[in-house]
Amino acid sequence: MSANILTKLTLSALLMSPLAVNAAVELPDIISDNAVLQQNSDVKLWGWAKPGSAVTVTPSWDGRAYTAQADKNSGRWEVKVSTPAASFAPCSVTFNDGDGEVKIDNILIGEVWFCSGQSNMEMPLRGFWTQPVEGAAQAIAYSGKYPSIRMATVPKRAAYTPQERVEGKWKVSNPQDAAEFSALAYFFAQSLTDMLNVPVGIISCAYGGSKVEGWMPEWKLDTYPGWDMAKEEKDSTINEWERIGVMYNAMLKPVLGYTVKGFLWNQGESNVGRHDEYPSHQRDMVEIWRDEWGQGELPFYFVEIPGWKYGNGDETAAALFRECQHKAAEITPNSGIVCTSDLIYPFELEDIHARKKKEIGERLAFMAANRTYGLTGVPATYPSYKSVKLEGDKAVISFNNADAGLNPNMVLPGFEVAGEDRVFYPATATEDWNEHTVTVSSDKVKDIKAVRYCFKNFAVGQVKDMFGMPLIPFRTDNWEK
């Protein structure tokens, strides 16, 4: 490993290691002023105190004293505290170990979501260099209207051993701080607040360029053929963000267990090309997170990777990966995926950070509102491929979740057909308004064997249902190219 990477990882581990505790209670950054605690729950709180001491935790909403015993060696303690229903009234929590008192103020009780992944989740409202977030100026300027939205941002860290501490205190939504909030997570919180009328807390824990394997523990990675965390640690040619296991150790582990309602996940670009193994790996990650949080089968909602000029000359690499993301949703209980095929502009071919983050955040919030909070009228499904009838020079396609039809009303763009030679040509596609099927044809293909819709690395989806939810890209074949 290069000296620079080794130094960064070593310093990261030192900064996040527990300090010697000789007096008053110490709290992790994630338990700080301005926090949001999950409503109607037994929330987990923890920290460090004098080894062996008794710690009393007293929340202002009920005045009850909860007690915990600090470990005789490390001084670490934890306790579960009952929370009431959501409220916009500020609360406080006091911690006392007999040698001193610590108090956190301006606490709200509401809904808490853990948001993770790579750069499209990390991307702040201010955008990245030369890469803007659409509507950022307005979102930042009006962010003070949502003081009940709070966000704790875990900084990018990496370590080869599990850590106990990481920076990242809670911030209140306002123009001074909102620019650094995850854009996608902020728009999710804003939409959820509008629908539920409760405070929303977001833990943003993302690292640009990270693989799904970066967010998994070594014991699991060691069971995967071709993945070797110990071997990788010695390899100086690998960039920090490409390393496996290190985000789990340094970023997730220190905040793991903070009581949440569910997970949001926007990741996959760094795993393109590994579509065969990805569904099971993501499922495994979700299972591990749920087990370690210990809150049951928490909802896990995630996002299709965006259109981009993915490399290696394979024009379907990203399409195959999006397909595998939907497979991951199918094999993971209580999970769902948001389609984003329509949320790119034609000029974003070379921009991996698509600017339409508000719509993605809203769609995630719609899914959560419908499936987690029971607002069943909120649109949360997407039209998808069901079956095809091949009839020589035409093909008739049936769909799921399209009972009211598709738009635009006339010719539907984005379809392709191929014959035995597997060469795809643009197709004319029209809808039967009575049956809600779509018939496709091309004068270049006399005997259609396969139909595809937006099944490319970069294709702007234009076919939608009556709520504006895009048709999920699909193929009727199983050809690799």
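Is Leu256 buried or exposed? I began my entries on this predicted model with that residue.

**Entry 1: Leu256.** I found Leu256 to be buried, since its relative accessible area is 10% and the cut-off for buried is under 20%. I located the residue in the loop that runs between helix H7 (246–252) and strand S11 (262–266). Leaving aside residues up to four places away in sequence, I listed its contacts as Lys44, Trp46, Tyr248, Glu292 and Trp293. I also looked up Gly294, which is 38 residues from Leu256 along the chain, and noted 9.9 Å between the two C-alpha atoms.

**Entry 2: charges over rings.** I turned to Lys44 and Trp46, both contacts of Leu256. The charged end of Lys44 sits over the Trp46 ring, 5.5 Å from the ring centre. I recorded a further case at Trp48, where Arg165 lies over the face at 3.6 Å from the ring centre.

**Entry 3: aromatic pairs.** I noted a count of 27 aromatic pairs, with ring centres within 6.5 Å as the criterion. One of them joins Phe181 and Tyr186, with 6.3 Å from centre to centre and 40 degrees between the planes, and is tilted. Phe181 and Tyr186 are both buried, and the relative accessible area of Tyr186 is 0%. Phe187 is buried as well, at 3%.

**Entry 4: a ring cluster.** Which residues do ring pairs link into a cluster? I listed Phe114, Trp215, Phe263, Trp265, Trp289, Trp293, Phe300 and Phe302. Trp293 is also among the contacts of Leu256.

Note on methods: Residues are numbered from 1 along each chain as its sequence is written. This is a predicted model: local features need pLDDT of at least 70, side-chain atom pairs count only at pLDDT 80 or more; totals for chains, interfaces and linings use all residues. Side-chain values use heavy atoms; hydrogens and water are left out. Rings of Phe, Tyr and Trp (its six-membered ring) pair if their centres lie within 6.5 Å; planes under 30 degrees apart count as stacked, over 60 as edge-to-face and the rest as tilted. Buried means under 20% relative accessible area, exposed over 50%, partly exposed in between (1.4 Å probe, protein chains only). A charge sits over a ring if NZ of Lys or CZ of Arg is within 6 Å of the ring centre and within 35 degrees of the ring normal. Helices (H or I, at least four residues) and strands (E, at least two) are DSSP runs, numbered from the N terminus. Contact means heavy atoms within 4.5 Å.
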